[in-house]
Amino acid sequence: MDFIAGAIGGGLSTAVGYPLDTVKVRIQTERRYNGIWHCIQETYRTEKMWGFYKGVSASVLMVSAISSVSFGTYRNFLCTICKLRYGVADAKPSQLDVSLAGGAAGAVRVVFMAPSEVAKVRMQTQRNPHPSMASQPLSRPKYRGSLHCLKVIAKEEGFRGLYKGCSALLCRDCSSSAIYFLTYSALCDWLTPSGKNKPGLLVVLLSGGFAGVLAWGLATPMDVIKSRMQIDESEQHQYRGLVHCARESVRKEGAQVLFKGLGLNCIRAFPVNMVVFVTYEAVLRFTDHYTNKK
């Protein structure tokens, strides 16, 4: 059930946070914006509301699948670690156990996530003016949808193109996933009154929200590098790898470039991860209750 609960939570959270994710990606990859509000205004002025939801349908489906893998992997790794260390799968794990399982979940997620992340970023940064804003007939966009985007990338850049930025994505997700699950677990333990087996709704909401904020706050530098590497199309070849991308970005824009979108990441992370964990816990508890009644 961890897989199903993770899938539902991931899908709902993506629908909630996608517009801000689009703004975040554009701020991180383009120098034309003066800040968050300027990016929002310009996106709405030229592309209307659709500009904030480019690639959202495929992203919801992919994130649901990836979130399912992530939560399922985390729970299974944690049970395996506990069984090896303590002899029983349902033993209370240590903070190190939780961190290791979280890091493993992040690593496994990257294998499935990388192509969809490349397509998402390309779709989000592709400019398609709204018909009402065009003074002449619009040309056909390069990417007509997420699946078409993946097809074009595979054709023009080969299989490697689908995994652009994978090194940065791996660094981002292994560390942030370890922090994510550790923070959630620690806060739930700390805020749950003694004598109660499971955290209450408010505890889950707060723990999930703060876990997301901390994880994304620490992940932002690698998130910036990842996004820049992923929009580097075959004819551009701006970056030769993770280190080169980081070095060139800092050289041209200063060290602050690594924290572009930090505030937006943290603002978006709180409600998104509240939804993730409260949905995850609700689905698990519902199925446990239904199973026990039978």
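This is a predicted model: local features need pLDDT of at least 70, side-chain atom pairs count only at pLDDT 80 or more; totals for chains, interfaces and linings use all residues.
Q: Which kinds of secondary structure make up the chain, and in what pattern do they follow one another?

A: The secondary structure comes to nine helices and zero strands, so that read along the sequence the pattern is α-α-α-α-α-α-α-α-α. As for contacts in the chain between residues with a separation of 6 or more, 76% are accounted for by residues 24 or more positions apart.

Q: How do I read the length of a helix, taking helix 2 as the example, and what span should its 12 residues have?

A: The expected span is 1.5 Å times one less than the number of residues. For helix 2, residues 36-47, this gives 16 Å, and because the end C-alpha atoms are 16 Å apart, the two values agree.

Q: Which residues of helix 2 are buried, and how are they placed around the axis?

A: The general idea is that an α-helix has 3.6 residues a turn, so residues three or four places apart point the same way. In helix 2 the buried residues are Cys39, Glu42, Thr43 and Glu47. They cover an arc of only 100 degrees around the axis, which puts them on the same side of helix 2.

Q: Where are the buried and exposed residues of helix 8, and what covers the buried ones?

A: Helix 8, residues 242-253, has buried residues Leu242, His244, Cys245, Glu248, Ser249 and Glu253. They cover an arc of only 165 degrees around the axis, which puts them on the same side of helix 8. The face turned away from that buried side carries the exposed residues Val243 and Arg251, while what covers the buried residues includes helix 6 (166-191) and helix 7 (201-230). Helix 8 is followed by Gly254, whose phi is positive, near 85 degrees.

Q: At what angle do helix 4 and helix 5 cross, and which residues meet there?

A: The axes of helix 4 (residues 95-125) and helix 5 (residues 146-161) come within 10 Å and cross at roughly 115 degrees, and the crossing is right-handed. From helix 4, Pro115, Val118, Ala119, Arg122 and Met123 meet Ser146, Cys149, Leu150, Ile153, Glu157 and Gly161 of helix 5. The residues of this contact divide into seven nonpolar, two polar and two charged.

Q: Turning to a loop residue, is Lys92 buried or exposed, and with which residues is it in contact beyond its neighbours within four places in sequence?

A: Lys92 lies in the loop between helix 3 and helix 4, and with a relative accessible area of 63% it is exposed. Leaving aside neighbours within four places in sequence, Lys92 is in contact with Tyr86 and Asp189. The C-alpha atoms of Lys92 and Cys82, which are 10 residues apart along the chain, are separated by 7.7 Å.

Terms used:
Residues are numbered from 1 along each chain as its sequence is written. Side-chain values use heavy atoms; hydrogens and water are left out. Axes are lines fitted to C-alpha atoms, for helices over the stretch in contact, and angles run from 0 to 180 degrees between N-to-C directions. Helices (H or I, at least four residues) and strands (E, at least two) are DSSP runs, numbered from the N terminus. A crossing is left-handed if the near helix is turned anticlockwise from the far one by less than a right angle, and right-handed if clockwise. Contact means heavy atoms within 4.5 Å. Ala, Val, Leu, Ile, Met, Phe, Trp, Tyr, Cys and Pro count as nonpolar, Asp, Glu, Lys and Arg as charged, and the others, Gly among them, as polar. Buried means under 20% relative accessible area, exposed over 50%, partly exposed in between (1.4 Å probe, protein chains only). The arc is that of the directions from the helix axis to the C-beta atoms.
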